[in-house]
Amino acid sequence: MKGKLFSLDSLLLLLVFPLFMIVYSPILLFPNLALRHEITTRHVKSQLITVSGFKGFFYAMLPLLGLIPYFLTFVFLMD
Amino acid sequence: MGLIRRLQLSFSPALVLFFLSPMIAELLSGSSPPVEFFNPLSFIMLISLYGSGAIIMRELKIRWKKGIGSLLLLGAAYGIIEEGLMVASFFNPNWPDVGILGVFGRWLDVNWVWALELTVYHAVVSIVVPIFLVELAYPELRSKSWVSNKALKFLISLFVGVVCMGFILVSVSFDYWPPLLQYVLMFLLAVLLIYLAYKFPANWARVGSKPLRSPLFFGLISLLSMVAGAIIFGILPYFMHFQFSPVIVIFLGLLLIFGVLGFIRRYNWREATDLHKFALVAGILLPFIAIAPLQEFDPNRTDNPVGMSFVGLISLVLLILLGWKVKKRINSDMRSQYKTKFKFNLSSSVFDRVLCILSLPRIMKVFAVWFLAILILTVHWIFNGGANDRTIGFSSLICGFSSLFIWRFRAQLESRVNRWRWRPKTKFIFLGGIGALWVEFVFWLFERIFNASSIAASSNLLLDWLITMPWYLMMTYLLWYVVNKYLFSIFELLLLGGFMSFGLMVF
């Protein structure tokens with residue numbers, strides 16, 4: 001771990017938050033833009049439940065559950 | 001059951017006003033500190049009096065299709081009814097709160113300076129401010145009636161009952177009965193004010209033509225007016241002992257009231273946003289919030305002011321929350337306006353793009369500056385940093401350009417993907433996976449080029465993909481579930497990506 005970026009602690013990492021946005025942008029924009037019409041139509045036609053407020057925030061954080069395999073691997077390796 | 005349901009449906013903002021009016025006028029002002037205010041008997045009396053009074057005055061304004069001018073007159077009538085007719089503090093020189101004004105400005109058995117101060121106080125603080133606050137919290141119901149005819153009749157009965165009962169209780173307990181002639185004249189004055197409110201032009205406050213200034217300006221005006229009012233009515237009487245000094249105080253008071261109203265009225269309030277109204281109200285409330293903790297530790301108080309600091313703190317938090325809500329609503333309106341006016345795309349002219357950025361809400365402008373600063377820093381790393389910095393800087397920029405490329409050709413991409421005969425979920429996960437493969441490849445590639453280390457998960461690309469793809473696929477799978485629950489804007493998606501990337505980094 002060398003270089004200026006790696007010398008920053010996690011609080012200072014927040015300062016470069018826009019960089020995190022840029023890095024993940026192809027992963028999120030690619031499927032969402034390609035299926036934009038499909039997703040909007042599903043919302044309108046199927047009358048899917050749209051959440052907002054705190055619940056919306058909770059739902060938005062769900063993809064972080066994808067970290068579970070890494071957590072399990074980490075625990076497994078530590079043992 | 002039907003009546004109860006109707007009352008419940010029509011009472012939500014009215015119920016808030018019912019409790020808010022006494023809380024501002026009595027609790028926050030310190031007239032009735034928490035111990036006194038929440039005493040069951042006084043609590044019922046206060047909410048019945050202020051709550052029903054505020055709702056009645058607002059209903060009259062709405063049903064008569066009137067404006068702020070009429071509401072101020074109705075508020076003044078309320079002040080006379082409460083202070084003059086119910087507790088008779090306009091006449092009683094020994095009323096507990098009257099202080100020096102029981103002597104200063106007393107003429108023909110009326111405490112004139114006190115009467116003027118309390119009439120204006122109740123008009124503004126007990127009636128107009130709570131109504132404005134609730135209307136700001138319920139903007140969609142602002143021009144509508146909040147109570148049914150039956151509920152209004154009940155509230156009028158409650159108000160009259162509380163005033164009559166209060167008059168008897170106060171007169172008996174203080175052993176003071178007001179002079180009949182002055183009392184009747186005060187009653188007639190209240191009736192006259194209500195009649196004037198009925199006749200007053202609805203657009204009284206909306207005839208100004210001077211360009212409207214910022215909300216902060218009007219907030220300062222109302223704040224300074226409150227401070228000036230406190231000096232005129234609260235401090236000057238203690239220092240002015242010469243003949244006719246009460247006349248001067250009354251003159252200064254009237255000058256302040258009509259001067260401020262006239263000054264504010266000169267501006268074009270047809271262009272006002274809710275933030276302007278909020279600023280006016282906040283300017284009035286802030287002095288009360290500021291002095292609330294001082295009241296708690298005032299050794300000269302004869303009552304028990306415990307909890308006033310807490311009241312001030314809660315009021316401040318609620319005021320900030322309301323201001324934040326108002327600001328958010330205005331920003332949302334602005335966003336929808338600039339989205340339709342200045343649709344940002346790569347084929348727009350430079351002028352359109354500048355207009356688009358200038359019309360962004362302030363928070364977005366701040367974010368844009370932040371974003372730009374980080375981009376400059378990234379370029380700096382590329383040219384002046386070490387191998388790892390250079391790798392991260394270059395890879396990030398390539399990822400950013402990839403996203404711009406995807407966005408530029410999104411229509412073609414969409415039509416191409418539509419031809420695939422896969423299920424939408426499969427397409428979504430597949431495309432998300434392709435995006436992830438690309439990002440990992442870019443980082444791996446530049447790590448090799450710049451001879452950096454510890455950036456990609458493995459120096460072997462296949463192993464790197466094998467390690468990272470379970471996370472990305474799981475993330476994209478869950479993202480599909482999420483986008484079906486909430487329709488993200490592009491910016492929200494980018495933010496979400498930032499949080500997920502940051503979460504992974506911290507983890």
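**From one helix to the contact between chains**

Helix α5 of chain B covers residues 112-137, 26 residues in total, and spans 36 Å from its first C-alpha to its last, close to the 38 Å expected at 1.5 Å a residue. The model is a predicted one. At V128(B), α5(B) bends by about 35°, and a proline, P130(B), comes within four residues after that point.

What does α5(B) give to the largest nonpolar core? This core has 82 residues, and those touching the most other members are I55(B), A77(B), I127(B), V128(B), V129(B) and V281(B). With 16 residues, α5(B) gives the most to this core. For A77(B), once its neighbours within four places in sequence are left aside, the contacts are A190(B), L193(B) and I194(B). Another core, of 46 residues, lies apart from the largest one, and its members include L19(A), F30(A), C399(B) and A452(B).

The contact between the chains takes 50 residues from chain A and 61 residues from chain B. On the side of chain A that touches chain B, at least two residues each are supplied by α1 (10-13), α2 (17-34), α3 (36-45), α4 (53-60) and α5 (68-78) of chain A. The largest share of that side, 18 residues, comes from α2(A). By residue class, the side of chain A that touches chain B divides into 35 nonpolar, ten polar and five charged residues.

How values were computed:
Residues are numbered from 1 along each chain as its sequence is written. Chains are lettered from A and ligands numbered from 1 in the order in which they are written. This is a predicted model: local features need pLDDT of at least 70, side-chain atom pairs count only at pLDDT 80 or more; totals for chains, interfaces and linings use all residues. Two residues are in contact if their C-beta atoms, placed from the backbone, lie within 7 Å. Ala, Val, Leu, Ile, Met, Phe, Trp, Tyr, Cys and Pro count as nonpolar, Asp, Glu, Lys and Arg as charged, and the others, Gly among them, as polar. The expected span of a helix is 1.5 Å times one less than its number of residues. The bend at a residue is the angle between axes fitted to the seven residues ending there and the seven starting there. A nonpolar core is a set of buried Ala, Val, Leu, Ile, Met, Phe, Trp, Tyr and Cys residues joined through C-beta atoms within 7 Å. A residue is buried if 20 or more other C-beta atoms lie within 10 Å of its own, exposed if 12 or fewer, and partly exposed in between; C-beta atoms are placed from the backbone.
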